[in-house]
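Visitor: Please show me the structure, and let me ask how its labels are decided.

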Amino acid sequence: MRTTARIALLLTAVTGLSGLVATTASATSLVTIDTGHVDVFGVAYEDGEFHLHVHDEAAEAEYEPAEVLLVAKSAARTTVPADPAYSFLGAPGAPVWVLPEVEDPNLLWPGIAAEEVEPGVFVDGSLRLRVVTVCGPDDFSIFTTDAVGAPTVLVDSGNGLPDRIDLTPGGHQHANWAFEAAGTYSVTVRAVGTLAATGERVVSAPATYSFKVNR
């Protein structure tokens, strides 16, 4: 009986160790990207369904969202402006990490792309990306700024989700991506559109993107 018990314990330990190794291997196999032009929200429509992906322009590589860890380096840290128009980022002077709309070669430059969607497939104005959930230590937002620095907020997890980003088939855009605390975030999105040929509304499976914000 003792021998049998020892064998059972040994098998349990080995099984547990195997699970730990597998989990560690899975975690370490993520592709980490912290600089360069990356279409984080890449949207394609092929064979009757959406495909959401990450397109690393510099590496000329495409990844599934679950394969990638996107990093906002500590150099992305700045402070919330005193302008009341930026109150969605928090109190004036509070820290905020921003991946900017205009390329900074030292930081990740995230894009939103529907270049792999043919014009005419969807009813005009119906192609959108819906930001469904955000999990993290604080709020996350995406916003653009005009020539005089005034913001237009596209996504703000602080005032409720889902939010939507309008897409242009064949198009590409950049914006400011802001994180209000250091830590790890997950952002889940879906693509939606109405087919011009049939009037059918098409919705993608949810895709979750992971971000790490360095202090």
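Visitor: Why does Phe41 count as buried?

Guide: Buried means under 20% relative accessible area, exposed over 50%, and partly exposed in between, with a 1.4 Å probe and protein chains only. Phe41 has 1% relative accessibility, so Phe41 counts as buried. This is a predicted model, where local features need pLDDT of at least 70 and side-chain atom pairs count only at pLDDT 80 or more, while totals for chains, interfaces and linings use all residues. Residues are numbered from 1 along each chain as its sequence is written, and side-chain values use heavy atoms, with hydrogens and water left out.

Visitor: What makes the pair of Phe41 and Tyr209 edge-to-face?

Guide: Rings of Phe, Tyr and Trp (its six-membered ring) pair if their centres lie within 6.5 Å; planes under 30 degrees apart count as stacked, over 60 as edge-to-face and the rest as tilted. The ring centres of Phe41 and Tyr209 are 4.9 Å apart and the planes stand at 70°, so this pair is edge-to-face. Phe41 belongs to strand 2 and Tyr209 to strand 17 (residues 207-213), so the pair ties together parts 168 residues apart in sequence. Strands are DSSP runs (E, at least two residues), numbered from the N terminus. Tyr209, at 1% relative accessibility, also counts as buried.

Visitor: Why is the pair of Phe41 and Trp177 called tilted?

Guide: The centres of Phe41 and Trp177 are 4.9 Å apart, with 45° between the planes. Trp177 is in strand 14 (residues 176-179), 136 residues from Phe41. Phe41, Trp177 and Tyr209 are among the members of one aromatic cluster, which also includes Phe140 and Phe211.

Visitor: How do you know that Asp47 is exposed?

Guide: Asp47 has a relative accessible area of 81%, which is why Asp47 is exposed. Asp47 sits in the loop between strand 2 and strand 3 (49-56), and its phi is near 50°, a positive value in a residue other than glycine.

Visitor: What about Glu60: buried or exposed?

Guide: Glu60 has 72% relative accessibility, so Glu60 counts as exposed. Glu60 is in the loop between strand 3 and strand 4 (61-63). Phi of Glu60 is likewise positive, near 50°.

Visitor: Why does Glu116 count as partly exposed?

Guide: Glu116 has 33% relative accessibility, so Glu116 falls in the partly exposed class. Glu116 is part of strand 8 (residues 108-116).

Definitions and conventions: Helices (H or I, at least four residues) and strands (E, at least two) are DSSP runs, numbered from the N terminus.
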